[in-house]
Amino acid sequence: MTSIADLSTEDLQALRNRVLGEYEAFRARGLQIDMTRGKPSPEQLDLANGMLVLPGNGDHFSEAGEDARNYGGLQGLSEVRALFSPMMGAPADRIVVGDNSSLALMHDCLVWSLFKGVSNEMEPWSEQSGTPAFICPVPGYDRHFAICEEYDIRMLPVPLTGHGPDMDMVEELAADPDVKGMWCVPKYSNPSGEVYSTETLERLASMRTGALDFRLFWDNAYAVHHLTSQRHEIANILELCEQAGNPDRAFVFASTSKVTLAGAGLALFASSAANVKWYLARAGKRTIGPDKLNQLRHVRFLKNIDGLHRHMEAHRALIAPKFDTVIEALEKRLSGTGIANWTKPEGGYFICVDAMEGTARHVVDLARQGGVVLTPAGATSPYGRDQHDRTLRLAPTYPSLQEVRLASEGIALCILLAAIEKQHAARLAHNA
């Protein structure tokens with residue numbers, strides 16, 4: 001299709017009439033498809049159904065002879081920590097296994113830093129002069145932003161470049177002693193899908209910070225979530241921080257929420273020995289121990305790192321065609337129009353679309369009227385405010401492949417219609 005900016009007013013009006021007709025036909029289908037969040041599909045969850053009978057009657061002892069039915073074991077079973085050591089990039093003794101939500105671990109670490117401090121030698125963030133702030137790569141994860149907003153932590157947006165955040169901006173902001181941390185989704189980032197470069201990681205590990213108690217909140221949520229045969233790897237942030245003389249800088253988080261069972265997975269924390277000691281001292285006040293039977297269940301099911309990778313290949317077989325379907329629909333409808341750009345992720349759970357500036361909210365509304373519910377426009381920015389009103393986060397994993405096909409065609413149509421209407425309104429205003 002020709003770029004709509006190059007169309008004459010008459011041709012633009014004719015295109016608008018045709019696309020409006022297509023949109024009404026789309027609405028008439030009466031779809032009910034939810035693409036708001038990156039949830040595993042029922043078929044993905046079924047891949048882990050074998051876990052439901054594990055560890056099995058009588059199988060409740062760890063390798064060390066611990067009774068997994070009882071209290072204790074705050075750090076998690078040693079064999080579980082060993083299983084996930086390659087994924088976490090840390091030795092087993094520097095990993096903590098929690099219950100199902102890595103977001104809960106992030107929340108706890110932030111709150112403990114805020115009210116207890118990151119070590120016994122540092123004042124709590126809330127008792128220091130100034131208002132604590134976090135650097136927030138944009139587009140980013142709305143739940144990260146929600147935690148900051150909940151506790152009145154200022155958010156400082158920094159654009160992503162395709163290889164990670166704009167490091168010149170990050171380093172400038174980090175020099176402020178009120179800046180206490182930074183959110184990072186370094187691999188198959190949510191929602192852009194980009195992979196942080198080694199240079200970016202090295203600069204994050206070694207940059208000078210104004211706050212001695214600065215922390216990287218390293219959410220490696222998609223560490224093993226590949227969409228192609230290429231398994232992208234990133235440099236080990238814990239090793240880089242140690243080499244740079246900042247061994248305590250990174251808090252690393254991950255989970256099996258999108259590996260095994262989303263509501264019954266395992267959450268993981270890894271860091272320096274000092275930070276693990278700090279974490280366990282805080283965690284010991286809120287729990288007597290995690291669900292160790294679930295930990296045994298994961299070990300029995302996944303067995304080892306090779307078993308984990310085989311399991312993720314089965315996930316890829318289910319969801320990669322859905323991503324291909326979305327990309328195909330966007331290319332078919334929007335290529336050459338000049339109104340949108342989109343990512344082609346090689347891992348993770350999202351496709352990020354930059355629609356015409358000033359149209360994202362309208363696109364979401366048009367899609368909703370057509371029976372396709374999308375993540376609210378603005379959700380990928382701090383405070384829910386996308387200053388350009390253009391970024392859309394598409395989550396194709398949960399619906400069936402046929403639903404994804406129908407939804408994708410409709411979303412592409414909505415992006416086109418919103419752009420045409422904006423251009424049409426601008427022409428009318430110009431000619432008035």
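This is a predicted model: local features need pLDDT of at least 70, side-chain atom pairs count only at pLDDT 80 or more; totals for chains, interfaces and linings use all residues.

Trainee: How many helices and strands does the chain have?
Mentor: Helices (H or I, at least four residues) and strands (E, at least two) are DSSP runs, numbered from the N terminus. By that assignment the secondary structure of the chain comes to 14 helices and 12 strands.

Trainee: What is the radius of gyration of the chain?
Mentor: The radius is taken over C-alpha atoms, and the globule rule is 2.2 Å times the number of residues to the power 0.38. For 432 residues that rule gives 22 Å, and the value for the chain is close to it, so the chain is as compact as a globular protein of that length. The C-alpha trace spans about 75 × 55 × 35 Å along its principal axes. The radius of gyration is 23 Å.

Trainee: What percentage of the residues of the chain count as buried?
Mentor: Buried means under 20% relative accessible area, exposed over 50%, and partly exposed in between (1.4 Å probe, protein chains only). Of the 432 residues, the buried share is 54%.

Trainee: Among contacts between residues at least 6 apart in sequence, what percentage join residues at least 24 apart?
Mentor: Contact means heavy atoms within 4.5 Å. Among the contacts in question, the share is 77%.

Trainee: Are H12 and H14 roughly parallel or roughly antiparallel to each other?
Mentor: Axes are lines fitted to C-alpha atoms, for helices over the stretch in contact, and angles run from 0 to 180 degrees between N-to-C directions. Angles under 35 degrees count as roughly parallel, over 145 as roughly antiparallel, 65 to 115 as roughly perpendicular and the rest as oblique. The axes of H12 (residues 305-334) and H14 (residues 401-431) come within 9 Å and cross at roughly 30 degrees. The two helices are therefore roughly parallel.

Trainee: How many nonpolar, polar and charged residues make the contact of H12 with H14?
Mentor: The contact residues include Pro321, Val326 and Leu330 of H12 and Val404, Ala412 and Ile415 of H14. Ala, Val, Leu, Ile, Met, Phe, Trp, Tyr, Cys and Pro count as nonpolar, Asp, Glu, Lys and Arg as charged, and the others, Gly among them, as polar. The contact divides into 11 nonpolar, 2 polar and 4 charged.

Trainee: At what angle do H7 and H8 pack?
Mentor: The axes of H7 (residues 167-174) and H8 are 11 Å apart. The two helices are roughly parallel to each other, and their contact has 3 nonpolar, 1 polar and 3 charged residues. The packing angle is about 5 degrees.

Trainee: Is tyrosine 188 buried or exposed?
Mentor: Tyrosine 188 lies in the loop between S5 and H8, and has a positive phi of about 55 degrees although it is not a glycine. Its relative accessibility is 1%, so tyrosine 188 is classed as buried.

Trainee: Is lysine 303 buried or exposed?
Mentor: Lysine 303 is found in the loop between helix H11 (292-302) and H12, with a positive phi near 75 degrees in a residue other than glycine. At a relative accessible area of 58%, lysine 303 is exposed.

Trainee: How far apart in space are phenylalanine 145 and phenylalanine 134?
Mentor: Phenylalanine 145 lies in helix H6 and is buried, with a relative accessible area of 4%. Leaving aside neighbours within four places in sequence, its contacts include Cys136, Met155 and Pro382. Phenylalanine 145 and phenylalanine 134 are 11 residues apart in sequence, and their C-alpha to C-alpha distance is 9.4 Å.

How values were computed: Residues are numbered from 1 along each chain as its sequence is written. Side-chain values use heavy atoms; hydrogens and water are left out.
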